[in-house]
Amino acid sequence: MKGDRVEIVVDAGDTTRTYEVVASRAGRRVETAVRRGVVEVSEVTRSGTVVRTARFMANRVLALVEQPVPRETEQEGGRPLGEDPGSRARVSTQGST
């Protein structure tokens, strides 16, 4: 889905670097795989064709954060699946004093 995103945080010696792979068009998705010591993050079309790939050595990857776009349903009144209807109000007032 357009909006799917994966963030990869990599150890670059004295600092860290963050990379993002984003599904840039509708119908595309982002897939991750770990094979033989390499983390591979690919943007894939509906038919399974790989558009682009980012590869990182697994022992250098500090974090891999998958952030799928929230899926909405018509029955739920436009809320993402699994979301509590009052959760937004609780989160917004929690930090204020």
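Is E43 buried or exposed, and at what relative accessibility? E43 counts as buried, at 1% relative accessibility. Here buried means under 20% relative accessible area, exposed means over 50%, and partly exposed lies in between (1.4 Å probe, protein chains only).

This is a predicted model: local features need pLDDT of at least 70, side-chain atom pairs count only at pLDDT 80 or more, and totals for chains, interfaces and linings use all residues. Residues are numbered from 1 along each chain as its sequence is written, and side-chain values use heavy atoms, with hydrogens and water left out.

Start with the overall layout. The protein has one helix and six strands. Along the sequence they follow the pattern β-β-β-β-β-β-α. Both kinds of element are DSSP runs numbered from the N terminus: helices are H or I with at least four residues, strands are E with at least two. Of the 97 residues, 25% count as buried. Contact means heavy atoms within 4.5 Å. Among contacts between residues at least 6 apart in sequence, 34% join residues at least 24 apart.

Now take the sheet. Three strands form an open sheet in the order β2-β1-β6, with antiparallel pairing. The edge strands are β2 (16-22) and β6 (61-67), and each pairs on one side only. From one strand to the next, the twist averages 15 degrees. That angle is taken between N-to-C directions, on a range from 0 to 180 degrees, using axes that are lines fitted to C-alpha atoms (for helices, over the stretch in contact). Two strands count as paired if DSSP finds at least two bridges between them. In general, strands of a sheet pair through backbone hydrogen bonds, either parallel or antiparallel.

Look at each side of β1. Seven bridges join β1 to β2, and the two run antiparallel. Within this pairing, the bridge partner of R5 in β2 is V22. β1 and β2 form a hairpin with four residues between them. In the turn, G13 has a positive phi of about 90 degrees. On the β6 side, six bridges join strand β1 (residues 5-11) to β6, again antiparallel. There, V10 has V61 as its bridge partner.

Next comes the nonpolar core. Such a core is a set of buried Ala, Val, Leu, Ile, Met, Phe, Trp, Tyr and Cys residues joined through side-chain atoms within 4.5 Å. The largest one has eleven residues: V6, I8, V10, V21, A23, V30, V39, V41, A54, F56 and V61. β1, β4 and β5 (50-57) each supply at least two residues of this core. β1 gives the most, with three residues. V6 is one of the core residues. Leaving aside neighbours within four places in sequence, V6 is in contact with Y19, E20, V21, V30, T32, V41, L64, V65 and E66.

A search of the whole structure finds eight salt bridges. A salt bridge is a side-chain nitrogen of Lys or Arg within 4 Å of a carboxyl oxygen of Asp or Glu. Return to E43. Its side chain meets that of R28 in a salt bridge (3.3 Å, N to O). This pair links distant parts of the chain, 15 residues apart: E43 is in strand β4 (residues 38-44), and R28 is in the loop between β2 and β3 (29-35). E43 is buried, and so is R28. E43 also forms a salt bridge with R52, with the closest N and O atoms 2.7 Å apart. R52 is partly exposed, with a relative accessible area of 39%.

Salt bridges that share partners join R5, E7 and E20 into one network. In the E7–R5 salt bridge, the closest N and O atoms are 3.0 Å apart. E7 counts as buried, at 18% relative accessibility. R5 is partly exposed, with a relative accessible area of 27%.

Finally, consider E40. This residue lies in strand β4. E40 is buried, with a relative accessible area of 19%. Its side chain makes a polar contact with the side chain of R35 (3.0 Å). Another polar contact of 3.0 Å joins the side chains of E40 and R55. A polar contact is a pair of N or O atoms within 3.5 Å; within protein, one must be able to donate a hydrogen and the other to accept it, and residues adjacent in sequence count only if both atoms are side-chain atoms. Not counting residues up to four places away in sequence, E40 touches E31, T32, A33, R35, T53, A54 and R55.
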